[in-house]
Amino acid sequence: MSGILLAQQILNGLLDGVYYLLIALGLSLIFSLGGIVNLAHGAFFAIGAYLTLVISPYLGFSGAFVLSPVAVALLGVVIERLLFRRFYRADPILSLLLTFGLAMVAEQALRMIFGAPPLSYSIPQDLRGQVAIGSFIYSFYRVVLLGIAVVCVAGLWFLLRKTAFGRVVRAGVQNPDMVGALGISLQPYMSAVAALGIGLAGLAGVLLAPIYAIHPAMGNEIITPAFVVVVIGGLGSFWGVVVAALLVGLVKGVMVGIGYSAASTAAIYFLMLLVLVFRPRGLFGERITRFE
């Protein structure tokens with residue numbers, strides 16, 4: 001295989017890592033602060049993709065790009081207040097069962113509303129074309145997608161590390177009882193984190209709608225690799241999730257590039273196994289008192 005084709009496959013793998021990252025960041029935030037194992041996170045990804053189909057005929061892709069993640073985030077706030085809030089201090093297995101059922105309900109609701117057959121959404125005309133650097137040619141839309149992901153990661157990092165909101169969230173992850181003793185209620189912050197994490201899943205659905213087939217079970221297909229990224233990166237570590245997502249994407253892209261595409265998914269699970277054997281907390285996992 002030529003070096004150019006290998007580079008293209010590696011970039012495609014990194015693109016997979018990028019949308020794993022958008023899902024995994026939300027998963028990690030929600031679990032770290034609230035202790036909720038959100039198996040329904042992939043369903044919000046699917047809802048974001050389907051909302052793209054609904055909104056685009058009226059407002060175009062740009063309208064869907066803005067409104068779909070906002071709508072999914074608002075849905076996340078409703079779910080957090082009605083369901084998640086009841087399980088913050090319960091055994092995590094209960095939230096796992098809850099969100100598993102929620103994921104099944106969401107999938108069947110999408111199947112009833114939109115039908116079971118896969119639907120397609122074309123890349124917007126303004127974002128079509130190729131980027132050429134010498135003999136290397138790559139999709140312009142995929143380059144834009146990578147750029148949007150970089151902006152999202154930078155914005156979330158700034159929010160969590162450089163603002164008062166982020167300081168409270170990080171303190172709540174480490175020791176929520178101490179935060180409560182200082183007179184700070186974490187409930188509004190949990191709602192905001194749920195909106196932020198679930199909104200990122202909706203954004204991923206919008207961005208991937210023009211690339212992959214849209215179908216009711218697409219959330220189930222992405223949730224497992226996203227959990228793999230969280231496990232490899234380590235609970236409570238922002239940069240751990242980022243590095244793990246890129247590493248998973250790189251491994252997947254290299255496996256496809258060298259001709260072992262059938263084993264590319266197995267390779268990321270093997271990578272997770274190696275990390276768990278030598279570092280059970282993940283690559284950058286932090287010690288979190290509430291879970292020990």
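The model is predicted: local features need pLDDT of at least 70, side-chain atom pairs count only at pLDDT 80 or more, and totals for chains, interfaces and linings use all residues. Residues are numbered from 1 along each chain as its sequence is written, and side-chain values use heavy atoms, with hydrogens and water left out.

**Fold**
- The chain has 10 helices and two strands (DSSP runs: helices are H or I with at least four residues, strands E with at least two, numbered from the N terminus).
- From the N terminus, the order is α-α-α-β-β-α-α-α-α-α-α-α.
- Along its principal axes, the C-alpha trace spans about 60 × 50 × 35 Å.

**Burial and charge**
- Buried residues (under 20% relative accessible area, 1.4 Å probe, protein chains only) make up 48% of the 292 residues.
- The mean positions of the 16 positive charges (Lys and Arg) and 9 negative charges (Asp and Glu), with His and the chain ends not counted, are 6 Å apart. Each charge is placed at NZ of Lys, CZ of Arg, CG of Asp or CD of Glu.

**Aromatic pairs**
- The structure holds seven aromatic pairs (Phe, Tyr or Trp rings, the six-membered one for Trp, with centres within 6.5 Å; planes under 30 degrees apart are stacked, over 60 edge-to-face, the rest tilted).
- Phe 165 and Tyr 189 have ring centres 5.6 Å apart and planes at 25°, so the pair is stacked.
- This pair links distant parts of the chain: Phe 165 lies in helix α5 (residues 164–174) and Tyr 189 in helix α7 (residues 187–208), 24 residues apart.
- Tyr 19, Tyr 20 and Tyr 212 form one aromatic cluster.

Definitions and conventions: Buried < 20%, exposed > 50% of the residue type's maximum accessible area, 1.4 Å probe, protein only.
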